Amino acid sequence: MGTLTGALPLPAFGTKVAAKSRVDYQNTPEGALVQRAQAGDESAFREIVERYQSKVFSIIHGIVRQRNDVEDIAQQVFAKVYSSLKSFDFRSSLITWIYKITVNECFDYLRKRKVRRLVYESDLSEDEVRRVENTEPATDRQAPVDSSLAQRDYVLKLLTRVSEEERMLLILKEVEGFSVEELAEKTGMNENTVKVKLFRARQKLVKAAQRLDRTPGLVPG
Amino acid sequence: MHAAESDLEEYLSGSLKPAALAKIEAHLKACDTCRQEVEGMREISLCLATLRTEESPEPAPGFYARVMDRVGRQTAALTFSSLFNWQFAFARRVAFAALVTFAILGSYLIIHENASPSGFSPEAVMAQQELPAFESGPAPDNMLVTLTVYEQH
């Protein structure tokens, strides 16, 4: 990098920008709503639920696709929002924070569902199933009929190989369609950091895909 | 030298300016590593797109009430388990304190007993007393005095 900024790192710069954006967000109407909810105002929390419930349902449905379970997971998401709201520190926007909780709950659900199905189908205990899962090649032996379902299952498997933050960034970018600028604003990170994190997350997915034993034809290319 | 990560990310997003785009495309033509990596990333982006959903279920009426029911149940479970943890912690502290007290008391008694003169044993007390002669007071009375002296010590 030939610029002065690259040659002379300014460690305080990013901190000041992050702090400023945190203060800005706290001063917005939504920031005020969150502060009221943090103080125990139940009507404020209700407003948060009603504002974001449809979005949360949409995210869950995109990942899980089991209509019967969508509401159960959504309830769990908002219960977690309620119990953790006091620790929300305004570094990101509220929806980004809720989004992260939602994606994590979805992946927890998928992991538990997989273990439960294997326990039901085999005579193994949960611990034994987990041991088998960790040693067997992680591919589906039976090719699903619908190729988009196959791609979906495949990418969900890959997404378990990245961190929570990387998973959230990738989904916000690729599924929700946010730009890098919008992601920077929502997460409180600067744009270059977002780009680098996204790129490294993609690299991890590519490496995970190479390690998986891909059956030809399972993921149409 | 490979392309910068931020540039490749912008390339994948389709947001590179024409000059930068031309530079990256030239690099990708020449660099197998970067080209294969970018191709792999494009394939995964297509898979990620399958997570998009056009129609999703809407929350049924009463969703908020059900959320608060769940919050109530989880709070009650948490309070009960934290109470148990508190009591268990308290019991552990009491047990530890009792153990330490007994240890100190026991050490004190042992040290104190070892330091005392051997004259307090029954044999020593009796030896300090004059042996009753046959012609003196009855032996039981002398025995009582001896025992009293021992008890006093």
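I call a residue buried if 20 or more other C-beta atoms lie within 10 Å of its own, exposed if 12 or fewer, and partly exposed in between, with C-beta atoms placed from the backbone. The model is predicted, so I kept local features to pLDDT of at least 70 and side-chain atom pairs to pLDDT 80 or more, while totals for chains, interfaces and linings use all residues. Residues are numbered from 1 along each chain as its sequence is written, with chains lettered from A and ligands numbered from 1 in the order in which they are written.

Entry one: the helix itself. Helices are DSSP runs (H or I, at least four residues), numbered from the N terminus. I found 21 residues in α11(A), reaching 30 Å from first C-alpha to last.

Entry two: burial. Which residues of α11(A) are buried? I listed V194(A), K195(A), K197(A), L198(A), F199(A), A201(A), R202(A), L205(A) and A209(A). They pack against α8, α9 and α10 of chain A, and against α1 and α3 of chain B; contact here means C-beta atoms, placed from the backbone, within 7 Å.

I see 42 residues of chain A in contact with 31 of chain B. Which helix gives the most to the side of chain A that touches chain B? That is α11(A), with eleven residues.

Definitions and conventions: Expected span 1.5 Å × (residues − 1).
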